[in-house]
Amino acid sequence: MGSALSAATSSVNPAEMTAASKLARALIKDNAVMVFSKSYCPFCQHAKSALKENKIAFEAIELDQRKDGGAIQDALQTITGQRTVPNIFANGYHIGGCDDTLAALKSKEFQKKLNNTTKGPFAVETSSDVSKPSTSTEPAAASTDKAQL
Ligand SMILES: N[C@@H](CCC(=O)N[C@@H](CS)C(=O)NCC(=O)O)C(=O)O
């Protein structure tokens, strides 16, 4: 009993997963600082405030406010091994969550990575980016937040 119900739990279909993975990679690559966030998450608020205090502009998307948010979170876990939010990248380098970001800002490692002329591994074009169909899902521009510095 209940097989129909259990079959319906948290299954992201492969096409949605691929699109989410491409979108996550594109956002990381195209934004100097990218914050994957959830609107209600205090750690996300804290990390974003710290970036603003350090006058570091960033792009953020709120995964809880998007239909593909769960798929993006799954993709980030595959890409980085980190499932929690915030999940923060600078110049193609994976910084980590809130604690990691605060520590990296304090030690200036964040700023060092951000200003590094060599981009991090997540800013490197992959074959899956190249093969991205031109009709792919529109990047999340409409739902991204530009940091107000
Ligand atoms: N120590 C982590 C804590 C992050 C955390 O616990 N985030 C919560 C949201 S407030 C989370 O991602 N929970 C799992 C989920 O939302 O799927 C950090 O510094 O970022």
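This briefing covers the fold, the model confidence and the ligand surroundings of one protein. The structure is a predicted model. The protein contains 7 helices and 5 strands, and its mean pLDDT is 85. A ligand is included, with residues from Lys-38 to Asp-99 among those around it.

**Fold**
- Starting at the N terminus, the order of elements is α-α-β-α-β-α-β-β-α-α-α-β.
- Of the 149 residues in the protein, 30% are buried.
- Among contacts with a separation of 6 or more, 74% are between residues 24 or more positions apart.

**Confidence**
- A pLDDT of 70 or more is reached by 77% of the residues.
- Where pLDDT is low, the predicted coordinates should not be read in detail.

**Ligand surroundings**
- The residues around the ligand are Lys-38, Cys-41, Pro-42, Phe-43, Thr-84, Val-85, Pro-86, Gly-97, Cys-98 and Asp-99.
- Two elements, α3 (42-53) and α5 (98-107), each supply two or more residues to this shell.
- Sorted by class, the shell holds 6 nonpolar, 2 polar and 2 charged residues.
- Lys-38 and Asp-99 belong to the shell, and both residue types count as charged.

Technical notes: Residues numbered from 1 in each chain as written. Predicted model: local features only at pLDDT ≥ 70, side-chain atom pairs only at ≥ 80, totals over all residues. Helix = DSSP H or I, 4+ residues; strand = E, 2+ residues; numbered from the N terminus. Buried ≥ 20, exposed ≤ 12 C-beta atoms within 10 Å, placed from the backbone. Contact = placed C-beta atoms within 7 Å. pLDDT = per-residue confidence, 0-100. Near = placed C-beta within 6 Å.
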